[in-house]
Amino acid sequence: RGLYQAMGLGLGMLFTTGAQAADFSPGGDPSMDCLLQMTGVIETGDTEKLNVALKTVLNSPPSAINGKSYNSIVNDGDPARICLDSPGGSLSEALKMADLLYSYDAVHGWSQETGWISKLGTAVPANAACESACAVFFLSGGIDTESDAGRMPNRVLHAKGRLGFHSASLDVPDGNYNADTVNKAFKVALQSMSQLTDRQTVLRLRPSLLARILATPPDQMHYLETVGEAIEWNIEIAG
């Protein structure tokens, strides 16, 4: 799996052959306060699938999903999250999904029906893994404070779950190593990194985490394993 992969002019992620495309469904692990769960590989078009899934939840009383209500989420601060289990996929699509999540009210208009979406966090439940592009989307979980503090992180990793980051990979099709192809692939990889750093503030992406992403070779994975990292990167540990 690779956090960034440039093939010619395309941008995507490496993932295990045969992995299933992303699926979004209401519910999930109640102990992780899930209202929606995502499983599978992130692919082009999944931002719209996420939007449809959010609308599906909107059309159902929140109390029907793991016992939560609009009032408990918006007014009482009851946690509500999107739970993730994915090996990664398209970085550009993961960033679009993140954009949708933290700007939903700005795009669709705030209302009593949509207000809870600005309070949605993200979580990785026990026995689940969120790696590569999924880990980037994980960073979009937060709570809109409706104050000068802005959107505060709300992202939770279960002690028995896995959250993995690693650096850019430059991939050129086999047998095609001419300078033009390599330069184009390198340019796309740099653009993908720019897209991530452009969102550093809104994702509350700490410089130390960005540095860790860059320092971890693309054929390896840095899993969050220490309390110190979790505190530094504003990630809550459950279980």
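Two strands pair if DSSP finds at least two bridges between them. Strands (E, at least two residues) and helices (H or I, at least four) are DSSP runs, numbered from the N terminus. This is a predicted model, in which local features need pLDDT of at least 70 and side-chain atom pairs count only at pLDDT 80 or more, while totals for chains, interfaces and linings use all residues. Residues are numbered from 1 along each chain as its sequence is written, and side-chain values use heavy atoms, with hydrogens and water left out.

**View 1. An open sheet has six strands.** The strand order is S3-S4-S5-S6-S10-S14, and the pairing is mixed. Strand S3 (23-26) and S14 are the edge strands, each pairing on one side only. On average, neighbouring strands of this sheet are turned by 25 degrees against each other, direction ignored. Axes here are lines fitted to C-alpha atoms, for helices over the stretch in contact, and angles run from 0 to 180 degrees between N-to-C directions.

**View 2. Helix H1 (residues 46-58) lies across S3, S4 (34-39) and S5 (81-85).** Helix H1 runs at about 10 degrees to S3. Contact means heavy atoms within 4.5 Å.

**View 3. Strand S6 (residues 121-124) pairs with S5 and with S10.** Strands of a sheet pair through backbone hydrogen bonds, either parallel or antiparallel. S5 and S6 pair in the parallel sense over three bridges. Arg81 stands opposite Gly121 in S6. S6 and S10 also pair in the parallel sense over three bridges. Val156 in S10 is the bridge partner of Ala123. Which residues of S6 point one way, and which the other? Gly121 and Ala123 point one way, Thr122 and Val124 the other, and all are buried. Buried means under 20% relative accessible area, exposed over 50%, partly exposed in between (1.4 Å probe, protein chains only).

**View 4. Strand S10 (residues 155-158) pairs with S14.** The sense is parallel, over three bridges. Leu157 stands opposite Ile237 in S14.

**View 5. Phe165 and Trp233 form an aromatic pair.** Rings of Phe, Tyr and Trp (its six-membered ring) pair if their centres lie within 6.5 Å; planes under 30 degrees apart count as stacked, over 60 as edge-to-face and the rest as tilted. This pair is edge-to-face, with 6.4 Å centre to centre and 75 degrees between the planes. Phe165 lies in strand S11 (residues 162-165) and Trp233 in the loop between helix H8 (227-232) and strand S14 (236-238), so the pair ties together parts 68 residues apart in sequence. Phe165 is buried, at 1% relative accessible area. Trp233 is buried too, at 4%.
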